[in-house]
Amino acid sequence: MPLSRLQRYIVLQCLGAPRRTVSRGLIGRYYASVLRSPSAKDQADAVTKSIERLVARGLATSVGKMTAQKWYPHTITLTPAGRKLALAARGKQQRLPLR
């Protein structure tokens, strides 16, 4: 199952975390390495959607706040299937950051 770069980053960050749990603030650092980063609102939307899609696939669980319209995740934890996928993703050859 293919993952986007942001989803791969989230999964690998969770894999390297002490309890396999990562806060949303740590995930937001992904855009610090991007050459032309989007606006803050677009960054927050992309991170939220990526987390929601990982949860929908059963690769992660999320703790957060639920309103009547939307789910706001605060932390994300990998499931056993997510750990297996993260180990496979880490084992692949990394892309060089050529620009």
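Predicted model: local features only at pLDDT ≥ 70, side-chain atom pairs only at ≥ 80, totals over all residues.
View A. Strands here are DSSP runs of E with at least two residues, helices are runs of H or I with at least four, and both are numbered from the N terminus. Two strands count as paired if DSSP finds at least two bridges between them.

View B. Strand 1 pairs with strand 3 (residues 71-78) in the antiparallel sense, over three bridges. T21 stands opposite T77 of strand 3.

**View C. Helix 1 against helix 3.** Two packed helices are described by the angle between their axes and the distance between the axes. For helix 1 (residues 5-16) and helix 3 (residues 40-57), the angle is about 70° and the axes lie 10 Å apart. The two helices are therefore roughly perpendicular to each other (65 to 115 degrees; under 35 is roughly parallel, over 145 roughly antiparallel, the rest oblique). From helix 1, L6, Q7, I10 and V11 meet A46, V47, S50, I51, R53, L54 and R57 of helix 3. By class, this contact has seven nonpolar, two polar and two charged residues.

**View D. Q7 in helix 1.** Q7 lies in helix 1 and is buried, with a relative accessible area of 5%. Buried means under 20%, exposed over 50%, and partly exposed in between, with a 1.4 Å probe and protein chains only. Leaving aside residues up to four places away in sequence, Q7 touches S50, R53, L54 and R57.

View E. The side chains of D45 and K41 meet in a salt bridge, 3.1 Å from N to O. The rule asks for a side-chain nitrogen of Lys or Arg within 4 Å of a carboxyl oxygen of Asp or Glu, and the count comes to one. D45 and K41 are four residues apart in helix 3, so about one helical turn separates them. D45 is partly exposed at 25% relative accessible area, whereas K41 is exposed at 58%.

**Notes.** Residues are numbered from 1 along each chain as its sequence is written, and side-chain values use heavy atoms, without hydrogens and water. Local features need pLDDT of at least 70 and side-chain atom pairs count only at pLDDT 80 or more, while totals for chains, interfaces and linings use all residues.

Note on methods:
Axes fitted to C-alpha atoms, helices over the stretch in contact; angles between N-to-C directions. Contact = heavy atoms within 4.5 Å. Nonpolar A, V, L, I, M, F, W, Y, C, P; charged D, E, K, R; others polar.
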